[in-house]
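Visitor: I'd like to learn how to read a model like this one. Could you walk me through it, feature by feature?
Guide: Happy to. Here it is.

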Amino acid sequence: MTDLAGLSFVVLDDIGAWKDVIGKEIEDAHFMYQDERDAMDEITRYSGFPYFTTNVTAADPSYHPVPANNRVERSIKGPKAELTIYVTVKRQRQNQVQPLVDRLKAAWAKLPTTPTTGGTNVLK
């Protein structure tokens, strides 16, 4: 991610653990966090600032991708671009919750991937 060093990015504020990942991995970057999806859409549509999306972003019905124009889609791959998600539940409730976990895993596997990222989505 050295080619991203020093750039300014527009980022949705509520990105969970990804906030720490990008902050640590992209040296000297400046992140302009946006609270509202509409503000993010406007800024990315009418500016040249790079921005981040994920397979989850693309599955969000309120997400409107920005036309390509001068943008180049770049995938970030590898262990630093993957997050492990855990479900914690009391053992007494495991049988009750397991069907929901199974549905989440199945839905996660169906999330779209972009042409450049390819691959599969795995929720463990």
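Visitor: Which residues gather in a patch of negative charge on the surface?
Guide: First, how such a patch is built: its members have over 30% relative accessible area and no salt bridge, with like charges joined within 9 Å and, for nonpolar patches, side chains of Val, Leu, Ile, Met, Phe, Trp or Tyr joined within 5 Å. Asp and Glu count as negative, Lys and Arg as positive, while His and the chain ends are not counted. Each charge is placed at NZ of Lys, CZ of Arg, CG of Asp or CD of Glu. Here, the negative patch on the surface is formed by Asp35, Glu36, Asp38 and Glu42.

Visitor: And what should I keep in mind about the model itself?
Guide: It's a predicted model, so to speak of local features takes pLDDT of at least 70, and side-chain atom pairs count only at pLDDT 80 or more, whereas totals for chains, interfaces and linings use all residues. Residues are numbered from 1 along each chain as its sequence is written, and side-chain values use heavy atoms, with hydrogens and water left out.

Visitor: In what order do the elements of the chain run?
Guide: Starting at the N terminus, you read β-α-β-α-α-α. That's four helices and two strands.

Visitor: How much of the chain is buried?
Guide: Of the 124 residues, 18% are buried. The accessible surface, from the Shrake-Rupley method with a 1.4 Å probe and, for residues, only the protein chains shown as cover, comes to about 9300 Å². Carbon and sulfur atoms hold 53% of that surface.

Visitor: Now the strands. What is serine 8 in contact with?
Guide: Contact means heavy atoms within 4.5 Å. Leaving out neighbours within four places in sequence, serine 8 is in contact with His30, Met32, Phe49 and Pro50. Serine 8 sits in strand β1, residues 8-12. The C-alpha atoms of serine 8 and phenylalanine 31 are 5.8 Å apart, though 23 residues separate them along the chain. Serine 8 is partly exposed, because its relative accessible area is 27%.

Visitor: What about tyrosine 33: which strand is it found in?
Guide: Tyrosine 33 is in β2, residues 30-34. With neighbours within four places set aside, tyrosine 33 meets Val11, Leu12, Asp13, Lys19 and Ile22. At 30% relative accessibility, tyrosine 33 is partly exposed.

Visitor: How many salt bridges does the structure hold?
Guide: The general idea is that side chains of opposite charge can pair when their charged atoms come close. A salt bridge here is a side-chain nitrogen of Lys or Arg within 4 Å of a carboxyl oxygen of Asp or Glu. The structure has one. Lysine 19 pairs with aspartate 13, and their closest N and O atoms are 2.7 Å apart. Lysine 19 is partly exposed at 28% relative accessible area, and aspartate 13 is partly exposed at 29%.

Visitor: And the backbone: what is the phi of aspartate 28?
Guide: Most residues other than glycine have a negative phi. Aspartate 28 isn't a glycine, yet its phi is positive, about 55 degrees. Aspartate 28 lies in the loop between α1 (18-25) and β2, and at 64% relative accessibility it's exposed.

Visitor: One last stop: which residues does alanine 81 touch?
Guide: Not counting residues up to four places away in sequence, alanine 81 touches Trp18 and Ile76. Alanine 81 is in the loop between α3 (55-59) and α4 (94-109).

How values were computed
Buried means under 20% relative accessible area, exposed over 50%, partly exposed in between (1.4 Å probe, protein chains only).
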